[in-house]
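Terms are given with their cut-offs where they come up.

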Amino acid sequence: MCAKKKRRFIPMECNHVYQRGVSGFNIFYDREDFLVCYMILSVVAQKRNVKIVEICFMFDHVHILLESQSCQDMAAFIRDYASVFVQEYNSSIGRHGQLFHKSFGSAPKQGGKKMRSVIVYIGNNPVEKDLCRFAEDYRWNFLRYMVSPHPFSVNVPARKRSRRLTRCMKYVTAVAQSGNYLNYHQLHNLFEGLSVEETEFLTDYIIMKYYPFDDTKLLSFYDDWQQMTEAMHSTAGSEHDIVEQWYHRPDDIYVKMADYIKEHFDISPLRRVTVLPLSQKKALLTQLRVNVGATLYEACKFLHLNFDQQAKC
């Protein structure tokens, strides 16, 4: 993969990796999608001796800032984590085929100025797409986990945890310590029966148990976490070396479509929209455009429909 495309790579320097969904389709729909991908990525990074510096999961693409000894190691890591995730994703809903675009973009980043710019750029992806006001308010770029083990939940003291929550935490710990990830079925069983507050707490707990980040490397370009996040507040950063698909509309439309389907249809897990019969997808397409205000392109991305074919209808 590296030699054929003459991929630029600098050993033991950070590389910005960009992956998008096949045909530009959405990848992530539910909490479980983000978590399964995150855990698999964390486990494979450790096995492949890849250092993870920063991640941002968006609905239709992934950013990873990483360090590896060779281009081949980097490519093997991307291949392995992506293929395992796609297998888990597909088997959970009876889906077939690719989920990620067949190739990924990457660019080496050397020097403090380029590193600071790409760190800010990756962290600010959800801000640029109107998913949050500040970069650290987005759970799936994991920035707040650098300074708190439970940034998106209320800490539940051990004496106040329900027996079920305690059992769930022990199970997560055992699986993580064995060097394995939790699959969709295991996650579903863990979250089932928990309160909203317990679900948020367990989500934070899982993220910390699989925490793959080299915080020292990331913060070496700043005085501290606060200076880094303040830099993200003041500039969007830049990426001139990777061609990234960009659509001018905010990504909160995908949140609205997800909420609408959860409220009006019995489709669970939500990623099942990708395997609905074509007739049902077309019916949903119309409703999402009329009732949610999605454009044809946005609704097609969400439902995994060919945009060109629908535009001709």
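## Basis and terms

Two strands pair if DSSP finds at least two bridges between them. Strands (E, at least two residues) and helices (H or I, at least four) are DSSP runs, numbered from the N terminus. The model is predicted: local features need pLDDT of at least 70 and side-chain atom pairs count only at pLDDT 80 or more, while totals for chains, interfaces and linings use all residues. Residues are numbered from 1 along each chain as its sequence is written, and side-chain values use heavy atoms, with hydrogens and water left out.

Four strands form an open sheet in the order 2-3-1-4, with antiparallel pairing. The edges are taken by strand 2 (51-57) and strand 4 (105-109); each has a single partner strand, so one side of each lacks a neighbour in the sheet. On average, neighbouring strands are turned by 15 degrees against each other, direction ignored. Axes are lines fitted to C-alpha atoms, for helices over the stretch in contact, and angles run from 0 to 180 degrees between N-to-C directions.

Strand 1 (residues 14-20) pairs with strand 4 over five bridges and with strand 3 over seven bridges, antiparallel in each case. Tyr-18 has a bridge partner in both neighbours: Gly-105 in strand 4 and His-63 in strand 3. Strand 2 and strand 3 are antiparallel over six bridges and form a hairpin with three residues between them. Here Ile-52 stands opposite Leu-66 of strand 3.

Buried means under 20% relative accessible area, exposed over 50%, and partly exposed in between (1.4 Å probe, protein chains only). One side of the strand carries His-61, His-63, Leu-65 and Glu-67, and the other Val-62, Ile-64 and Leu-66.

Helix 2 (residues 71-93) lies across strands 1, 2, 3 (61-67) and 4, and runs at about 140 degrees to strand 3. Contact means heavy atoms within 4.5 Å.

## Asp-215

Asp-215 is found in helix 8 (residues 215-219). Asp-215 is buried yet has no salt bridge, that is, a side-chain nitrogen of Lys or Arg within 4 Å of a carboxyl oxygen of Asp or Glu. The nearest side chain of opposite charge, Lys-51, is 11 Å away; Lys and Arg count as positive, Asp and Glu as negative, and His and the chain ends are not counted.

The side chains of Asp-215 and Tyr-211 are joined by a polar contact of 2.8 Å. Such a contact is a pair of N or O atoms within 3.5 Å; within protein, one must be able to donate a hydrogen and the other to accept it, and residues adjacent in sequence count only if both atoms are side-chain atoms.
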